[in-house]
Amino acid sequence: MACRHRSSTTTLARLAKPARLTPRLTTQPQVQSQVASAVRCFSSSRPSQLKETRCQQGKFTSETYPGLKRNPCYGQVTKEHVDYFKGLLGTESAVIDGVTNENATDDIEPFNSDWMRKYRGHCRLVLKPSSTEEVSKILKYCNDNTLAVVPQGGNTGLVGGSVPVFDEIVLNMGRMNNIIEFDEVSGILTVEAGAILEVVDQFLASKGYIFPLDLGAKGSCHIGGNLSTNAGGLRLLRYGSLHGTTLGIEAVLPDGTVVDDLCKLRKNNTGYDVKQLFIGSEGTIGVITKAVIQCPQRPKAQNVALFGLESYEAAQQAFREAKGHLSEILSAFELMDGASQALVRQVTKKNSPLEGEYPFYCLIETSGSNSDHDGEKLQAFLEDVMEKGIVADGTLAQDETQVRALWSWREGITEALGHLGGVYKYDVSIPLAEMYQLVEDTKARVEEAGLLGDTDEHPVRAVVGYGHMGDSNLHLNVSTRRYDERVEKVLEPFVYEWIAKRQGSISAEHGLGLAKKKYIGFSRTPTMVGLMKQLKDLYDPNAILNPYKYL
């Protein structure tokens, strides 16, 4: 897991007076060396593959959802099935067998549970194929024997989509992690689904390119999982969604059929664009094994600023001004409320880069080809918004170390929340004008129910909001001391009803999984849900792929 940065931001140019932006340097020699040695500050990557003690393990999903019953149509995994898979995959490390070996329970546990310890299955067999051919043979065998399968990448999701519910076989794609080909002229990348996002991006950096997706879990998440959930991330504002940057896909259908659509062309108008069906389908109609991605040139200049604001209305004004001033170089505009930043301070013990505390904070990133030009534009923007009274205070990173330090205040929220106990997470899209109102209304509802407080008898610690303001994407987080059924009843379906009234989406990122399956009707019409079910029945008539989820 990425290193944790616990020292305060140093030598940041402060924007003290709107008329002149003369840097006021604050030097703290005792922590400078720690700041300089920081790598990726406070990534929210899950602590993958760490063995958990029994007291750390969460409840079984089957206990949390007692109304959910195992489908008797699915077969039970037997020694005969295990022997087939061992013969096919050939190496002990490719098969984790808890069917014939009771001592494998601890080895299987990380694949059975999500990183939040909210979902936990009863899987007894994990398969790790190394090629598309092996995936094809595994799925054909499972389809012929009606064995349920859960495709799994880095397992960094929030909605229980990548872990089993009962005894489904886990098909982990981690061994299919090769970068197959990269064209340094066109920027077209061909990669296997199990490649880790951060590793791929580091490879592209060596070639002068960037992967068009960046998110906090980049050190753990897989490219295939990103595609399967249509991950948006921090820079969708600049580079768009994976629906637009994915040129081709190779996937395996439940019956073992290999769908070879590894097109490397930006223009190909020959028939239906079938690959789009696999993007965001959460492994329910096929398993993505390879992808072709259009990667942009890596920006030569990057600038980051963090500023405090007195209201959400001011944050909206700042965003509008940013689009006007920065337009083509604006790559991220992130919103964080004061409560989320207070939690980061509490957990990391870091000092805030701003002198005061504010109800809202925004982080702006610009990416371009000319550092001086971009810096001048960003400074002119900051001067303008401060003169207009939109921004109360701000700070501008002066080097790469400070860029990472400022980003840590945004990326560190997820892990800070995780340190404090359980978290109810809602990753949603709401029209910008009302986006933060959901946080305020949710907090009021939780307070009214007597669940929010500073003492142990109150299950809820805090209700916070942050997210990608440039995409109208809010991360509503309810931080709890423990998971409590009373909290869930207060939150659901209230949150989804609130969103539906404003024509928002109950899932901006991460998909539906198990958590949001029954609420799809709040964002999709019966006609659309019906069409999705027809597609599922067409591609997976035996319903072996990722059962109990999505639809």
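## Helix H6 and the glycine after it

Just after helix H6, glycine 208 adopts a positive phi of about 85 degrees. This is a predicted model, in which local features need pLDDT of at least 70 and side-chain atom pairs count only at pLDDT 80 or more, while totals for chains, interfaces and linings use all residues. Residues are numbered from 1 along each chain as its sequence is written, and side-chain values use heavy atoms, with hydrogens and water left out. Helices (H or I, at least four residues) and strands (E, at least two) are DSSP runs, numbered from the N terminus.

Helix H6 itself spans residues 197-206, and its buried residues are Leu197, Val200, Asp201 and Leu204. Because these residues cover an arc of only 95 degrees around the axis, they lie on the same side of H6; the arc is that of the directions from the helix axis to the C-beta atoms. Gln202 and Ser206 are exposed on the other side of H6. Here, buried means under 20% relative accessible area, exposed means over 50%, and partly exposed lies in between (1.4 Å probe, protein chains only). The buried residues of H6 pack against strand S6 (179-183), strand S7 (188-192) and helix H7 (223-228), where contact means heavy atoms within 4.5 Å.

## The five-stranded sheet

Strands S6 and S7 also belong to an open sheet of 5 strands, with the order S6-S7-S10-S8-S9 and antiparallel pairing. Two strands pair if DSSP finds at least two bridges between them. S6 and S9 are the edge strands, each pairing on one side only. From one strand to the next, the twist averages 10 degrees. Axes are lines fitted to C-alpha atoms, for helices over the stretch in contact, and angles run from 0 to 180 degrees between N-to-C directions.

Within this sheet, 5 bridges join S7 to strand S10 (residues 287-294) in the antiparallel sense. Threonine 190 has valine 292 in S10 as its bridge partner.

## Cysteine 263

Cysteine 263 lies in the loop between strand S9 (258-261) and helix H10 (275-278). The residue is buried, with a relative accessible area of 13%. Leaving aside residues up to four places away in sequence, cysteine 263 touches Leu247, Gly248, Asn268 and Val292. Isoleucine 249 is 14 residues from cysteine 263 in sequence, and their C-alpha atoms are 7.4 Å apart in space.

Another open sheet contains 4 strands in the order S2-S3-S5-S4, with mixed pairing. Its edge strands are S2 (95-97) and S4 (149-152), each of which pairs on one side only. The twist averages 15 degrees from one strand to the next. S2 and strand S3 (residues 125-127) run antiparallel and are joined by 3 bridges; isoleucine 96 stands opposite valine 126 in S3.

Helix H4 (residues 105-112) packs on this sheet, where it touches S2, S3, S4 and strand S5 (169-172), and its direction makes about 115 degrees with that of S2. Helix H5 (residues 132-144) lies across S3, S4 and S5, running at about 165 degrees to S5.

## Strand S11 and its partners

Strand S11 (residues 301-309) is mostly covered, as 8 of its 9 residues are buried. S11 runs antiparallel to strand S13 (residues 360-368), with 9 bridges joining the two. Leucine 306 has leucine 363 as its bridge partner in S13. S11 also pairs in the antiparallel sense with strand S14 (residues 393-396), over 4 bridges. In S14, leucine 396 stands opposite alanine 305.

## Packing of helices H11 and H13

Helix H11 (residues 312-326) packs with helix H13 (residues 371-387) at an angle of about 145 degrees, and their axes are 10 Å apart. On the H11 side, the contact is made by Ala318, Glu321, Ala322, His325 and Leu326, and on the H13 side by Lys377, Leu378, Ala380, Phe381, Asp384 and Val385. By class, the contact has 7 nonpolar, 1 polar and 3 charged residues. Ala, Val, Leu, Ile, Met, Phe, Trp, Tyr, Cys and Pro count as nonpolar, Asp, Glu, Lys and Arg as charged, and the others, Gly among them, as polar.

## The protein as a whole

The protein has 18 helices and 17 strands. Of its 551 residues, 56% are buried. Among contacts between residues at least 6 apart in sequence, 75% join residues at least 24 apart.
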